[in-house]
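Hello,

Here is the structure I promised to pass on to you. Have a look at it first, and then read on for what I found.

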Amino acid sequence: MDAIFKDPVLLATVVGTSLPFLSMAVILIFTRHNPMLSSRISVTSIVVAAVCALLNLAKVAGASHPFRFETAWMSSGNFHLTFGYYLDPLSALMLTIVAVIACLVQIYSLGYMSGDPGYSRYYAFQSLFAWAMMNMVIASTLLQLFIFWELVGLASYMLIGFYYEKFSASQAGKKAFVMTRVGDVGFFLGIIILTLGFGNLGIPDLNNAPGTGTITTGFITMAALLVFCGVVGKSAQFPLITWLPDAMEGPTPVSALLHSATMVAAGVYVFSRIFPFFAASPNAMLIALAIGTVTMLLASTMAMTTYDLKQVWAYSTVSQLGMMVMSLAAGGYFAGVFHLTTHAGFKALLFLCSGIFIHEYHTNDMRVIGKQGGRKQLVPMICITVGALALSGVPPFSGFFSKEAILGALNAQANPIWLFAGLFGAFLTAYYSFRLIFHLLFPKGGIEEKHAVHEMDSHGHKEEHHGGLFWAMAVPVMILACVTVVLGFAEHSLQGYIMAGGGAVKHASTAATGGAAHGVVGHELLVILGISAGLVGIILAWFEYGRKGASRNGFLSYFPPVWKLFDARWYMDAFFRWFLDTAIYSGLTSIFTRNDRRIIDGGIDGICFFTETGGRLFSFMQSGMLQYNLLIMVLVAGLAMLFFIV
Amino acid sequence: MNSLNTYLIISAFLFSIGLVGVLQRRNLIGMLISVELMLNGANLNFMAFNRFLTPEPVVGQIIALAIMGLAAAEAAIGLSIILALYRKMHSINIEQAQRLKG
Amino acid sequence: MTGFPILTAILMSTVFGLLTILLIPPERTKLVKQVSMFWATVGLILTLWLYFNFDHSKGGLQFVERVLWVKSLGIYWFHGVDGINMPMLLLTAVVLFTGVWTMWELEYRAKEFFALMFLLVAGVYGMFLSMDLFWMFVWYDVSLFPMYPLISIWGGTRKEYGAMKLTLYLLAGSALILPAIIYAWVQGGAITFDLFELQKIGFSLLDQKILFVMLYLGFGILAAVWPFHTWSPVGHVAAPTAVSMIHAGVLMKLGAYGILRIGMTLCPQGLGYWSDLMALLACIGIVYGALVGLAQTDLKYVIGYSSVSHMGMVGLGLATMTVSGINGAVFQMFAHGVMTALFFSSVGYIYDRTHTKMIPELGGMSKTMPIASAFFIIAALAGIGVPLMASFWAELLVFIAAVQVFPVGGIFAMVGLIISALFMLRVVQRTFYGERNEKFGHIPDVSPFLAVPRIILIGVILFFGFFPKVMLDVIQSAVIPFVGSF
């Protein structure tokens, strides 16, 4: 206990990561009926957590080696589990991202969620999420990480299904939980195999393991792929993509925090956390690279057909996550982490801006919002454009720098196909982002004047907008926009920070990228290609949606089957549904249920039936007269006596 | 005349009377009395063997005493059953108690 | 044996409870409940005292009471606790305490109900405490037979059928156990029923094979080993709330405990011979239970099948014969006991108020009774194996051992984790989410008084979920030497 107070880093970590849990407990137990107090408690705790995280970020920068605190948690035979904190630059950075964005989102929710009947519940689950996510980030062992990983999933389930009266919301929550669970079981198995085969789940120990030669490459490949299953589930990679767009049923701040900026990035985070371990297996890296690429392209195509504001950002999240996985799998460790950082910022920004629109117009449809004069909302409109520019990789916004870094990593691969896939993805991203922006800015048929009634109705509403609640929503958005503008320029200092002292990481990174020494294309050409992929996308979008007299249909509408394919998410959902219905519900489940009823129960009941019927058949011998029975008994006894005596 | 056989014959006679009584009487109380007779026959047997064959250990007497206790308990339980039966069917005729026929 | 016979005192707390309840006039139901509560509390306090005074660093059998009872047969009044039955005692005490509290609103023939319940629990305590085969069997049967009247008088859906089925199944199990115990006694020279003396004698391999399979099947029926599981959902559905709690929470553990304590102690080589079969049945049970659970429309059936799945995990852990596996199995017995008790207690409340436990008729219960729903949802999360709930650790240990010993079976069983998540969440969604059902709109939520027992159960789940060490150190103190003796 003393150690906690002596060591400022430990103190900050413990305080920062435990407060949200306390706040959740307090809210759920005591202040459920006092929404105001609940939100204050939650926001205070997360602000403290963010401050602690920033302190730690600074402390880690000055330290020569990572901070590691561990304590034995349980042991069973020769299996020992330690709980603890492992603060290296990566986890300190991620902790800061999580705490700061959670903090901004919770402040934003003060406005967005105000008046909701489940206000207290909302803040309780937000706190649960913050607690689980922060503990996951700084976990010192893979199993501890997994524990909080599952709890993060739980928080996500609760928050997606927040509007539980809506069938689609509870359905989406269930879908998210079960689909990520599929990946998690793989992750779990990977952890078990690592326990059995390697015996140590400490994250730094795992990262140093390949160098020591205690485990074979085959074993690493198997373990890495199993762990990667978890990444696939959590980060919505192919083939477990479809839960993430559905997860948009949750309140928009939840989508901003969990399903774009932080929680879904957990998969990528785990990948980068044990990056040297992954990198020791070229096969695993190749599979990860392929999955990342497929995911990125599939999700980008899906984003091109939907009119739902949040859906577009959801698909784009999936595709950006795919891009991060690609980057890591191509050996671009820093590029992946950097993109995670910038993406967290601008994607949260995009969602929060969309949230303001949705809050104002009560619809998710970009065409309707545009028609009702979405562009008149200056703060969100400017900010959403900033976010979209960053997403499209336009300089000087943060997304440009990280996307260039990723393209650089892909460029180092021997096979140029990955680079082209990346460029194509960048083009698609820019196209669908600006399709959305132009829909908002230049709606089809111009802006409809609001009905007078509506105007009067929303009069009181309007005033409120310029009150505290509006600013609770606007300020976080503006902060995020500023971050998006400046973060890119911090690339080099961030690189220095992340790669400092990461010997294993550096080594693995160079080993994995070592395919083509000079890259497929030169450095300057790459920058030009990257920018132009984005610009071409924007120009195409302008041509179709922005300019005067544009058809506003998109080129895809000339190919209805393709449109339908993209719109139906490549029929992935249909496949899962079909699988679940035929193989599970009407297959195994009904067979087994019938087996239980007919064969097992039927058999037992049959035995009982025969016993009973037999009894009835033989009951004719029973007269019910006591004395006849006695007489028979006496006779038999007499006969037996005779038999034995004679 | 005071030999073992006399006692044995008497006890067998008692036992047989009891047995016939149990089998023939339709009245439950009669049956119960007959059972007591059978028990007394057995008792007499024990006493006789004890007296004539092994006078030293008084095992026979002990068993006879035990049987008397048992008979008392039996009478108590039997009578209470009969009472319960009477309450239920207002008769103590054994022919009426044929529920187990099913 | 020195000092206060605490174990006999724990056992006697239920016997005295039974006797004092019998002395109360039946119409004074309030007094009956107060007296029941008093004795349940006494049992709980004694057990907690025992738990905190149990020295897990020393291990072995502690608080031993051993008195020769029948010399010619070698029967002993032999009680003791070690790491294996200590969690079970705690579980029994907690479930009895919360069960009595849960049934506070019972008015119909309350005296008989609580008397039978104490008789049942006396049997359970006796079985967990005794280290003498004769007494184990006696207490085992004492715990079985009150189930029949409890279900057939106070039960619900198809109560006579359920009661009859359950009783027949379980007695069929005892019919296998009794010959096995007598066989062991005869093979041991017909001089002692003392479990540990019989263990020292050591049976021949053939004897072990025969004995183990008899004990496994006999006790396995009570532990709902597939394919002898169908009594369990039917019985649970028919039983009244507290009986379901005790039955699924504690009584099913008697079966697994019997396999562990008698079967594995006496015939480790027999287990070695049969372990593949045991693991196979367990794995099938895990997946099968979850799949059948998917199709159920009755809340209690769902829980019944989830029990089949979870008890499969106990069987799988035992079959591995490793420290982690048995640790996990014992932990799972405890965790599952508390969890199902919570399940049944929350379903019981809903059923008492709405008079239905059919999932399609409910729906939107979160709006109507948020707290009662929260209890169920927490239990469901524990059932899914969400971390920081007690059952997570148990599943972790069982799977570590299973993947090590039976890689194929272990991985197959892990599929059960996905399915169990699917079916638990499906039930939660259909029952508690969705539009508010106006039919039940007027029903009040759980009163604070009735919430207490459920909160205690949740507290136990979370406490051991956060601090598994507290439980595992105790369990281990017995399991490590036990595995070493194989």
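**A helix in chain C to start with**

Let's begin with helix 2 (residues 29–53) of chain C: its 25 residues should span 36 Å at 1.5 Å a residue, and because its end C-alpha atoms are 36 Å apart, the two values agree. Please keep in mind that this is a predicted model.

Which residues of helix 2 of chain C are buried? They are C:Val32, C:Lys33, C:Val35, C:Ser36, C:Trp39, C:Ala40, C:Gly43, C:Leu44, C:Thr47 and C:Leu50. The cover over these buried residues includes helix 1 (6–23), strand 1 (62–70), strand 2 (75–81), helix 3 (85–102) and helix 4 (110–129) of chain C.

**Chain A as a whole**

Chain A has 646 residues, of which 54% count as buried. You will find 29 helices and two strands in chain A. Along the principal axes, the C-alpha atoms of chain A fill a box of roughly 120 × 70 × 55 Å. Among the contacts in chain A with a separation of 6 or more, 80% are between residues 24 or more positions apart.

Chain A is divided into domain 1 (2–567) and domain 2 (575–645). Taken over C-alpha atoms, the centres of domain 1 and domain 2 of chain A are separated by 62 Å.

How far can you trust chain A? Its mean pLDDT is 85, and 93% of its residues reach 70 or more. Please be careful with residues 451–465 of chain A, where pLDDT stays under 50. For that stretch the model has four contacts beyond four places in sequence.

**A helix in chain A**

Helix 26 (residues 523–546) of chain A has 24 residues and reaches 33 Å from its first C-alpha to its last, close to the 34 Å expected at 1.5 Å a residue. Its buried residues are A:Gly530, A:Ala533, A:Gly534, A:Gly537, A:Ile538, A:Ala541, A:Glu544 and A:Tyr545. What do they pack against? The partners are helix 18 (378–392), helix 19 (398–411) and helix 20 (417–441) of chain A.

**The nonpolar core**

The largest nonpolar core has 423 residues. Those with the most contacts inside this core are A:Ala99, A:Ile101, A:Val152, A:Ala348, C:Ile246, C:Val338 and C:Ile461. Helix 4 (residues 89–112) of chain A gives the largest share of the core, with 18 residues.

Leaving aside neighbours within four places in sequence, A:Val152 is in contact with A:Phe129, A:Ala132, A:Met133, A:Met136, A:Met263 and A:Ala266.

**How the chains meet**

Two pairs of chains are in contact, and chains A and C share the most contacts. That contact takes 37 residues from chain A and 40 residues from chain C. On the chain A side, the elements that give two or more residues are strand 1 (67–76), helix 6 (142–160), helix 7 (167–197) and helix 28 (572–618). Helix 7 of chain A gives the most to this side, with 14 residues. By class, the side of chain A that touches chain C has 23 nonpolar, eight polar and six charged residues.

The contact between chains A and B takes 10 residues from chain A and 10 residues from chain B. Here the side of chain A has five nonpolar, five polar and no charged residues. Chain B and chain C do not touch, and their nearest C-alpha atoms are 20 Å apart.

Enjoy exploring, and write back with any questions.

Best wishes

Technical notes
Residues numbered from 1 in each chain as written. Chains lettered and ligands numbered in written order. Predicted model: local features only at pLDDT ≥ 70, side-chain atom pairs only at ≥ 80, totals over all residues. Contact = placed C-beta atoms within 7 Å. Nonpolar A, V, L, I, M, F, W, Y, C, P; charged D, E, K, R; others polar. Helix = DSSP H or I, 4+ residues; strand = E, 2+ residues; numbered from the N terminus. Buried ≥ 20, exposed ≤ 12 C-beta atoms within 10 Å, placed from the backbone. pLDDT = per-residue confidence, 0-100. Domains from an automatic or database assignment. Core = buried A, V, L, I, M, F, W, Y, C linked by C-beta atoms within 7 Å. Expected span 1.5 Å × (residues − 1).
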